[in-house]
Amino acid sequence: MIEIERKFLVKSDAFKAEAYKHTKIVQGFLNTHKARTVRVRVKGNEGFLTVKGQSTKDGLERFEWEKAIEKSDAEALLKLCEDGVIDKIRYEIKMNQHVFEVDEFFGDNAGLIVAEIELSHPTEIISKPLWLGKEVTGEVRYYNSQLSKQPYKTWK
């Protein structure tokens, strides 16, 4: 139940041509406490409830528990969420044994594109595609829970 993940900015839309799948995601947060977040997500025709713990100091690891729920239940729970629903399209790109998940944000976070890659251990070596930009692992402002409170459009 420990998620190990690195996060990067994306510097071009070349990733779209490499994507084997893309899915619309709408998500909100029932709780955005520093020690834990509780997320509700509608991903395509599926619903999910996710609890994430606080990240390690380097931002690489944190507890994650996720449970599939009925889409209708997720849609109902979204109505109870804190302000700042996240709207994005997730593109999935295979790169060797990994999958990059690239999120193109809309609404108040339009213009932000972030790639994530899950690892089996923190020091795992990855191949970096040309469209991958600066690493932002551990930079809290790029967490979706924070983007719901301080959207990209408000950054200076």
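Which residue lies over the face of tyrosine 143? Arginine 62 does, at 4.8 Å from the ring centre. A charge sits over a ring if NZ of Lys or CZ of Arg is within 6 Å of the ring centre and within 35 degrees of the ring normal. Arginine 141 has its charged end over the ring of tryptophan 155, 4.2 Å from the centre.

This is a predicted model, where local features need pLDDT of at least 70, side-chain atom pairs count only at pLDDT 80 or more, and totals for chains, interfaces and linings use all residues. Residues are numbered from 1 along each chain as its sequence is written, and side-chain values use heavy atoms, leaving out hydrogens and water.

Now turn to the rings. The whole structure holds five aromatic pairs. Rings of Phe, Tyr and Trp (its six-membered ring) pair if their centres lie within 6.5 Å; planes under 30 degrees apart count as stacked, over 60 as edge-to-face and the rest as tilted. Phenylalanine 100 is in strand β7 and tryptophan 131 in the loop between β8 and β9, so the pair ties together parts 31 residues apart in sequence. Strands (E, at least two residues) are DSSP runs, numbered from the N terminus.

Definitions and conventions
Helices (H or I, at least four residues) and strands (E, at least two) are DSSP runs, numbered from the N terminus.
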